[in-house]
Amino acid sequence: MKSIYLLPLILFSLFVQAQKDYPTPPASTNRLFYIQHNESKNTFVYDAIFSTKEHLDEQNPVNIYRILYEANGEKKPLTAIQKKLAYGLKIKKKEKNVFLLTLVSYPSQQLILKLNAKKHPVVLTTVNGKEMVLKRVFLKKKSGTGGLSVKLDYILFHGTDKNGNSIQEKIIL
C-alpha cells in the first residue's frame, strides 16, 4: 500500500528534476509564455505586441525570440528553420484582441491569445481537459534524436487555472 502512495511522489520528483536550475527569462508585462527543453537552457520567449495601449497588433501580435543562456544570455531572433519547423506560430485573428495561435511543430494544441479583464495579454489552452493560462512549456526530447528529426517523450504545460492556482499538465507523445 505504501508503494502506491510513493509512486506519485517519485514521478513528481522526476518532473521537477528535469527542470532543476533552469533560468527564468526577465519579467515582462507583455510576457505570454516561454519554452525550454532538456538539451540546453536556451529559452524561446513569446511576448505580446500592442499597437496601442489596449489593442494587440492585428498584423503581428506576438514577438518570438530566443535567449541564449549558454552564450551569456544574448537575445536573438529565431532562425528561419526554428521559425518554420519548431517554435514559430501560425496566427489567425478571431475578433478584436483575440487570436488563435498554433505552434508550427504541434498544431493540434490550440492556444488563444486575448486580453484579460485587466487588459493584460494571456494565452489560454486546454490540456487533458483542463483549461489554463499558459506560463511556460517544457519539452523532454527523446535521446538519440536531433536536428530536423527531433522527437519528444513528453510536453509539460505549466500555468494557472481559473482560480489562479498553479497547475501542470503532461502530454506523453
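Leaving aside its neighbours within four places in sequence, which residues is Tyr46 in contact with? Select Tyr46 and have a look around. Still leaving out those neighbours within four places, you'll find contacts with Asn30, Arg31, Leu32, Phe33, Tyr34, Ile35, Val62, Asn63, Ile64, Tyr87, Leu89 and Leu103. Keep in mind as you click around that this is a predicted model.

**Stop 1**

**Stop 2: Gln36**

Next, pick Gln36, which sits in strand S1 (residues 31–37). Is Gln36 buried or exposed? Its relative accessible area is 3%, and the cut-off for buried is under 20%, so Gln36 counts as buried.

Who's around it? Skipping neighbours within four places in sequence, Gln36 is in contact with Tyr22, Pro23, Lys41, Asn42, Thr43, Val137, Phe138 and Leu139. Then try your distance tool on Gln36 and Arg136: they are 100 residues apart in sequence, but 7.9 Å apart in space, C-alpha to C-alpha.

**Stop 3: the largest pocket**

Time to look at some empty space. Rolling a probe the size of a water molecule over the atoms shows where such space is left.

The largest pocket holds about 660 Å³ of space. To find its centre, select Leu85, Ala86, Tyr87, Ser105 and Val150, which are the closest to it of the 29 lining residues. The elements giving two or more residues to the lining are S1, helix H2 (80–86), strand S9 (106–115), strand S11 (130–141) and strand S12 (152–160). Colour the lining of the largest pocket by class and you get 19 nonpolar, eight polar and two charged residues.

**Stop 4: the second largest pocket**

One more pocket to go. Select Asn60, Val62, Asn63, Ile64, Leu78, Lys83, Gly88, Leu89 and Ile91 to show its lining. Strand S5 (62–68) and strand S7 (89–95) are the elements that give two or more residues to that lining. Which element gives the most to the lining of the second largest pocket? That's S5, with three residues. By class, this lining has five nonpolar, three polar and one charged residues.

Notes:
Residues are numbered from 1 along each chain as its sequence is written. This is a predicted model: local features need pLDDT of at least 70, side-chain atom pairs count only at pLDDT 80 or more; totals for chains, interfaces and linings use all residues. Side-chain values use heavy atoms; hydrogens and water are left out. Helices (H or I, at least four residues) and strands (E, at least two) are DSSP runs, numbered from the N terminus. Buried means under 20% relative accessible area, exposed over 50%, partly exposed in between (1.4 Å probe, protein chains only). Contact means heavy atoms within 4.5 Å. On a 1 Å grid over the protein atoms alone, a cavity is a set of points where a 1.4 Å probe fits but cannot get out, and a pocket is an open set with protein on both sides within 12 Å along at least five of seven lines; lining residues have an atom within 4 Å of a point. Grid points are joined across faces, edges and corners, and a volume is the space filled by probe spheres set on the points. Ala, Val, Leu, Ile, Met, Phe, Trp, Tyr, Cys and Pro count as nonpolar, Asp, Glu, Lys and Arg as charged, and the others, Gly among them, as polar.
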